Amino acid sequence: MIISLIGYMGCGKSHVSKILSEKINFRLIDLDKEISRRNKLTIPEIFEKKGEIYFRKLERETLEEILATEENIVLSLGGGTPVYYNNMEIINHNSKSVFLRASVATLSERLSKQKEKRPLIAHISDEDLPEFIAKHLFERNIFYNKAQFSVITDSRTPEDIVNEITEKLYL
């Protein structure tokens, strides 16, 4: 079984996926880290040197490859992954998809502390960040809401979120 965690940057995919994979003894794959490892470049470097379209093609190829395996995997996806091509369809067809839902306030608070690591928001002021996130979420929620399961992450511990995921998936 493959469990795909989706959601906006800052919703907790990386942290929750680590705890979830340890709890259920599944292999953990972070899609962005896997793309970086294969290309020997960071995601910001790929965006800068080759552009977003190139990155999205790499992302799609890597996603398809991982989803085709028979392994037990917890797959942490990039925030934009479900939005491109028909990625959400293949994610739902080949895995159990879980949308980690967080409010704009929660995301703004978390992301304001991580801006230097996030090329998409590095240039946005803290005061403009909530509006940027709200607009982006409005566009992306159409895709995120196609997930088979949804878990609210606001004001909850990662362990609590993992417990809810395992209950929903009967693990």
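Figure 1. Buried here means under 20% relative accessible area, exposed means over 50%, and partly exposed lies in between (1.4 Å probe, protein chains only). Strands (E, at least two residues) and helices (H or I, at least four) are DSSP runs, numbered from the N terminus. Look along the strand and you will find Ile2, Ser4 and Ile6 pointing one way, with Ile3 and Leu5 pointing the other way.

A word on the model: residues are numbered from 1 along each chain as its sequence is written, and side-chain values use heavy atoms, with hydrogens and water left out. As the model is predicted, local features need pLDDT of at least 70 and side-chain atom pairs count only at pLDDT 80 or more, while totals for chains, interfaces and linings use all residues.

**Figure 2. Strand 1 and its two parallel partners.** Strand 1 is joined to strand 3 (residues 73-76) by 4 bridges, and the two run parallel. In this pairing, Leu5 has Ser76 as its bridge partner. Two strands count as paired if DSSP finds at least two bridges between them.

Figure 3. Cys11 is buried, with a relative accessible area of 2%, whereas Gly12 is partly exposed at 22%. Leaving aside neighbours within four places in sequence, Cys11 is in contact (heavy atoms within 4.5 Å) with Ile6, Leu100, Ala102, Leu107, Arg110 and Thr153. With neighbours set aside in that way, Gly12 contacts Ser17, Leu100 and Arg110.

**Figure 4. Ser14 in helix 1.** Ser14 is found in helix 1 and is partly exposed, with a relative accessible area of 43%. Not counting residues up to four places away in sequence, Ser14 touches Asp30 and Ser76.

**Figure 5. The annotated binding-site residues.** An unreviewed UniProt entry lists Gly10, Cys11, Gly12, Lys13, Ser14, His15, Arg118 and Arg156 under "binding site". They span 147 residues in sequence and the farthest two C-alpha atoms are 23.2 Å apart, so they do not all gather at one spot. From this set, Gly10, Cys11, Gly12, Lys13, Ser14, His15 and Arg118 belong to the lining of the largest pocket. On a 1 Å grid over the protein atoms alone, a pocket is an open set of points where a 1.4 Å probe fits, with protein on both sides within 12 Å along at least five of seven lines; lining residues have an atom within 4 Å of a point. UniProt positions follow the numbering used here, feature names are shortened, and annotations may be inferred rather than shown by experiment.

**Figure 6. The wider setting of the close-ups.** The protein has 8 helices and 5 strands, running β-α-β-α-α-α-β-α-β-α-α-β-α from the N terminus on. Of its 171 residues, 46% are buried.
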